[in-house]
Amino acid sequence: MEGPHAPRAVPGFELVAPASVEEAIAALRAADDGGATAIAGGTDLLLDLDDGRLAPRRVVSLRRLPWRTLDWLDGALTVGATLPLRSLEDDREVRRRLPGLWQAVHAVGSVALRHRATLGGNLGRSAPASDLIPMLLALDAEVDLVGPRGERRVPVDDFVRASRRTALLPGELIRSVRVPEPRPSAYLWQRVRPANDISQIAVAVAFSPGRRHWSIAVAGMPPRPALLPDVARDLGDGAPSDAALTAAAARASRAVPITGDQRASEEYRRRLVGTLLTRAVRAVPFEGGRPL
Ligand SMILES: Cc1cc2nc3c(=O)[nH]c(=O)nc-3n(C[C@H](O)[C@H](O)[C@H](O)COP(=O)(O)OP(=O)(O)OC[C@H]3O[C@@H](n4cnc5c(N)ncnc54)[C@H](O)[C@@H]3O)c2cc1C
């Protein structure tokens, strides 16, 4: 068979599955010049290998590492990098305390995909239309990294650079993601098909009860999901008035990160972002100016 759909031989690679974090880091480091790459659920990476975008000499599976975890400590949620998204979605406390995160996880692909896909892989891929990154931005989440030089914690906003570009150093791995506090929150998206498709535009909103401020993030277009601090300020320090919400929606539709590409025009996205923002903020439950 010839043409664009002809079968293509994927270059061979060595597959290793270390049982310890130290061995995994060493296995990544041992293949120099970007010759090694990590694999978690493989839902992104296998496509990259198949398309020839990546041709590593070694693939390091993370499946044996003890990172399929979910812990609440002093109100903070820590999610291990290799926990399948479906387990996060099945957790009642996540749904109750971080409804926006639950909605964002629920938005990823299909049930079958979420049984394999992981939070670490979503951050590692760092796609402009990721459903999880905008919500993690709005929740002020941080990424815990481990590598040849030890451990470090990086805000998601500093970790994500652009499509397939992150703050990961050679040999470094995402160990877990930390969400500092439960927040009333919501996540809304627009896409052509509900499942197995990615968002043309999405809006994540969260309210911090302690600091009494809103965080708003948008996703769907290059180079990366982004926070909109000016829009968040328009919403004030509690349940916003209709006038404040209208001002915020208008400012969001003028926001710099909104651009057009092959999946949606700039005009379409600018029209939609205000509507999604208004609906998302209204979906966050308040009573007497306080979040429920
Ligand atoms: C049909 C289909 C539909 C999809 N729909 C959506 C969607 O609606 N929303 C959405 O956000 N995404 C979607 N995706 C993308 C994908 O499923 C997610 O990004 C998923 O979370 C990736 O996780 P994974 O474990 O499969 O990553 P993998 O494919 O295993 O890895 C992805 C990248 O991250 C790196 N990586 C993985 N784990 C780590 C780690 N612990 N430390 C450092 N680097 C790491 C890998 O080296 C690789 O570069 C879809 C994909 C497909 C194929």
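Predicted model: local features only at pLDDT ≥ 70, side-chain atom pairs only at ≥ 80, totals over all residues.
We can begin at the ligand, which is surrounded by 32 residues. Gly 41, Gly 120, Gly 121, Asn 122 and Gly 124 are the closest of these. Two or more shell residues come from each of β2 (36-39), α2 (45-51), α6 (111-116), α7 (119-125) and β10 (173-179). The top contributor is α7, with five residues. Sorted by class, the shell comprises 16 nonpolar, 12 polar and four charged residues. Because domain 1 (14-61) and domain 2 (70-179) both supply residues to this shell, the ligand lies between them.

In general, nonpolar side chains tend to be buried together in soluble globular proteins.

Leu 277 leads on to helix α12 (residues 266-283), where it is one of the buried residues. The helix has 18 residues and spans 26 Å from its first C-alpha to its last, close to the 26 Å expected at 1.5 Å a residue. Also buried in α12 are Arg 269, Leu 272, Val 273, Gly 274, Leu 276, Ala 280 and Val 281. The cover over the buried residues of α12 includes β11 (185-190), β12, β13 (213-219) and α11 (242-253). For Leu 277 itself, contacts beyond its neighbours within four places in sequence are made with Val 203, Val 205, Ile 216, Ala 248, Ala 249 and Ala 252.

Key:
Residues numbered from 1 in each chain as written. Near = placed C-beta within 6 Å. Helix = DSSP H or I, 4+ residues; strand = E, 2+ residues; numbered from the N terminus. Nonpolar A, V, L, I, M, F, W, Y, C, P; charged D, E, K, R; others polar. Domains from an automatic or database assignment. Contact = placed C-beta atoms within 7 Å. Expected span 1.5 Å × (residues − 1). Buried ≥ 20, exposed ≤ 12 C-beta atoms within 10 Å, placed from the backbone.
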